[in-house]
Amino acid sequence: MERAQRVMPGGVNSPVRSFRGVGGTPPFFASARGPYLVDLDGNRYLDMVLAYGPLILGHLPEAVVAALRGQLTRAEALGGPSELEVELAEEVARRMPAVEMLRLTSSGTEAAMGAVRLARAATGRDLILKFDGCYHGHADSLLAAAGSGLATLAIPGSPGVPPGTVADTLVASFNDLEGVAELFARQGERVAAVIVEPVAGNMGVVPPEPGFLAGLRTLSSEYGALLILDEVMTGFRVARGGAQQRYGITPDLTCLGKVIGGGLPVGAFGGRAALMGQLAPAGPVYHAGTLSGNPLAVTAGLATLRELDSPLPYQRLEEMGARLEEGMSSAGRRLGVPIRVNRVGSMLTFFFSEAAVRDYASARAGDLARFSAVHRGLLERGVFWPPSQFEAGFLSLAHTDLDLDRLLEAFSDALAAAA
Ligand SMILES: *Cc1c(COP(=O)(O)O)cnc(C)c1O
């Protein structure tokens, strides 16, 4: 870590990896397989981070490795269109009817940036409405009240983001439809888009309350604003067709990332053909990327999606998630520790809180010191849980029932030690 800190700010290339949210120093990882990570000292950890979401099949799944090996004999980058990109776009469209057309990017950040630019261009309006604690990548205009790394480090927005840039960003509380209605009543005619994580994952997992997403859909339509579902985390994770399928919401634009690249850098944004057709070169709205649609990255994404082409994997993830939720909750009850386990499918966060966690304020009100202690206890017991209260833990199809037994035992012990 000392060597890393000499050449990289904080020793890392993405802040949350630094462990500043929980204290201590992170293990440096050398390899991984299935649901396990191995650090430089040879210690093995059950991986509940899964690269912050992408690795829904676990590490080095056979189908993805075979596809990548094959692609490595053909090309690593092409600089021209390839059939692979078409196949990935078609696979996404089959799963998400609202995504008739898409544009590939190399990250979720670029996907959200592109979607916001397109929404502003298409509506001729400037304002964006986002939610406190929702994260949409690190583009300037979306770094107002963003969760995740910012939440962990308690940076209110970020220096270097000019006030003028976020002046066009309105912020409401997640699950507070009335607050959104009030904002719309005052400035609705100026709002280009509402952007939301359909299941918040970057303030820890916070599910949408019944009616919240449907209410956003109705209000946006009523005022002529677009609804952007940021499914970078939830896409192909909470259901075959993402949160939009799970909750029955049709967005105008969808942002994708993480699982769509199967561990390699892929993002995408998409929607109705008439909207997407406004992007360059078909239309005037600029968007580009040297490595967008990179053949190796797209190959990993395609192979991953093809392994997820039935309800079965999602049933398995749901079962495991339910077991984990129940096991953690009952450990809390047994030890008399107030715990709230928020879960949607295979995304899960435990909060040490008496009150329900339904927005960013209630997420922050939990006992962060206890979270840090339990995180440390899990690490000592061979479990790599996200090093922040405000990140989601994930399950993969590589996790076994035995892994869950061990995880729950480690959780109980870590909780007892921290109580
Ligand atoms: C991870 C994430 C992003 C950013 O994606 P990157 O690939 O890290 O740029 C955007 N939105 C949501 C909801 C995310 O979870």
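K258 puts a polar side-chain atom 2.6 Å from an oxygen atom of the ligand, which counts as a polar contact (a pair of N or O atoms within 3.5 Å). This is a predicted model, where local features need pLDDT of at least 70 and side-chain atom pairs count only at pLDDT 80 or more, while totals for chains, interfaces and linings use all residues. Residues are numbered from 1 along each chain as its sequence is written, and side-chain values use heavy atoms, with hydrogens and water left out.

**Around the ligand**

- T109 also has a polar side-chain atom 2.6 Å from an oxygen atom of the ligand.
- D230 goes for nitrogen: one of its polar side-chain atoms lies 2.7 Å from a nitrogen atom of the ligand.
- The ligand's surroundings (residues with a heavy atom within 4 Å of it) are S107, G108, T109, Y135, H136, G137, E197, N202, D230, V232, M233 and K258.

**α2 against α11**

- Helices here are DSSP runs of H or I with at least four residues, strands are E runs of at least two, and numbering starts from the N terminus.
- Helix α2 (residues 62-72) packs on helix α11 (residues 295-307) at about 150°, their axes 9 Å apart; axes are lines fitted to C-alpha atoms over the stretch in contact, and angles run from 0 to 180 degrees between N-to-C directions.
- α2 and α11 are therefore roughly antiparallel (over 145 degrees; under 35 is roughly parallel, 65 to 115 roughly perpendicular, and the rest oblique).
- On the α2 side, A63, V64, A67, L68, Q71 and L72 make the contact (heavy atoms within 4.5 Å), meeting P295, L296, T299, A300, A303, T304 and E307 of α11.
- Sorted by class, that α2–α11 contact has nine nonpolar, three polar and one charged residues; Ala, Val, Leu, Ile, Met, Phe, Trp, Tyr, Cys and Pro count as nonpolar, Asp, Glu, Lys and Arg as charged, and the others, Gly among them, as polar.

**α14 against α15**

- Helix α14 (residues 368-380) and helix α15 (residues 401-418) pack at about 130°, with axes 8 Å apart.
- That angle makes α14 oblique to α15.
- R370, A373, V374, G377 and L378 of α14 touch L407, A410, F411, A414, L415 and A418 of α15.
- The class count for α14 with α15 is nine nonpolar, one polar and one charged residues.

- A280 and P281 are joined by a cis peptide bond, omega about 5°, and P281 sits in the loop between α10 (273-276) and α11.
- Y52, in the loop between β3 (44-47) and α2, has a positive phi near 65° despite being a residue other than glycine.

Definitions and conventions. Polar contact = N/O pair within 3.5 Å; in protein donor to acceptor, adjacent residues only side chain to side chain.
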